[in-house]
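Here is a short briefing to read alongside the model. Take a look at the structure first, and then we can walk through it topic by topic.

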Amino acid sequence: MASVKCPSCARDFVRRIARAGWLEAILSMFYVYPFKCQLCGHRFRSLRWGVRYSRVREDRRQYQRMERKLPVTFSGEGLTGDGTLLNISMGGCGFATGSALAIGNVVRLVLQISGELPPVIIDAALVRSTRKGGAGVEFIQWQESERERLQLFVRGLLIGHGTDIDTAKHVA
Ligand SMILES: [Zn+2]
């Protein structure tokens with residue numbers, strides 16, 4: 001079975017995402033499904049003839065979050081802190097921290113992706129969720145060069161993750 005390729009960046013790290021609206025519900029009867037590129041963020045529909053996705057797999061998340069523990073620091077809005085990255089995608093990340101972040105905070109985030117390379121810097125990350133000892137942020141502003149460097153890193157995680165990105169069953 002050929003894998004689905006992103007029509008925007010031509011790479012095949014795409015994720016089947018939840019259908020939006022009645023049109024996509026109807027299209028799915030004809031094996032046309034919505035996908036989201038995990039690297040460039042492009043959303044598109046693709047014909048997957050004879051393929052039925054089980055409803056269980058219809059995750060609401062647009063990006064699959066990869067688990068990876070790395071040092072992270074952040075600053076902004078009068079607070080600075082550090083923590084440990086827990087999961088990451090091109091859309092955002094979650095990390096553990098002792099600092100009190102609040103939903104709506106915007107911080108500059110520094111991700112130490114490796115011991116040898118300079119860290120990846122996200123100029124603006126919006127705090128979307130908080131829980132005791134941790135927070136989830138969405139990446140909203142970063143330099144193109146940093147985005148590309150994180151793409152390389154996430155791509156490595158996706159490869160290591162195996163075939164879970166586009167999981168589907170053929171209807172016999
Ligand atoms: Zn793409």
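Phe139 has a relative accessible area of 9%, so this residue counts as buried, the limit being under 20%. Please keep in mind that the model is predicted.

**Aromatic pairs**

- The structure holds 4 aromatic pairs.
- One of them joins Phe74 and Phe95, whose ring centres are 5.4 Å apart; their planes meet at 35°, so this pair is tilted.
- Phe74 belongs to strand β5 (residues 66–76) and Phe95 to strand β7 (residues 92–97), so the pair ties together parts that are 21 residues apart in sequence.
- Both Phe74 and Phe95 are buried.
- Phe139 comes back here with Trp142: the ring centres are 5.1 Å apart and the planes lie at 45°, so this pair is tilted.

**Zinc site**

- Four SG atoms coordinate the zinc ion at 2.3 Å, from Cys6, Cys9, Cys37 and Cys40.
- The site is tetrahedral, with angles of 106 to 119° among the 4 donor atoms.
- For reference, the ideal angle for four tetrahedral donors is 109.5 degrees.
- Along the sequence, the donor residues follow the spacing C-x2-C-x27-C-x2-C.
- Cys9 sits in the segment before β1 (14–16), while Cys40 sits in the loop between β2 (32–37) and β3 (43–47), so this pair ties together parts that are 31 residues apart in sequence.
- Is Cys40 buried, exposed or partly exposed? Its relative accessibility is 26%, so Cys40 counts as partly exposed.

Notes
Residues numbered from 1 in each chain as written. Predicted model: local features only at pLDDT ≥ 70, side-chain atom pairs only at ≥ 80, totals over all residues. Heavy atoms only, no water. Donors = N, O, S within 2.8 Å, 3.2 Å for Na, K, Ca; no water. Tetrahedral: all angles 85-135°; square planar, octahedral: opposite > 155°, others 65-115°. Helix = DSSP H or I, 4+ residues; strand = E, 2+ residues; numbered from the N terminus. Buried < 20%, exposed > 50% of the residue type's maximum accessible area, 1.4 Å probe, protein only. Phe/Tyr/Trp six-rings, centres within 6.5 Å; stacked < 30°, edge-to-face > 60°.
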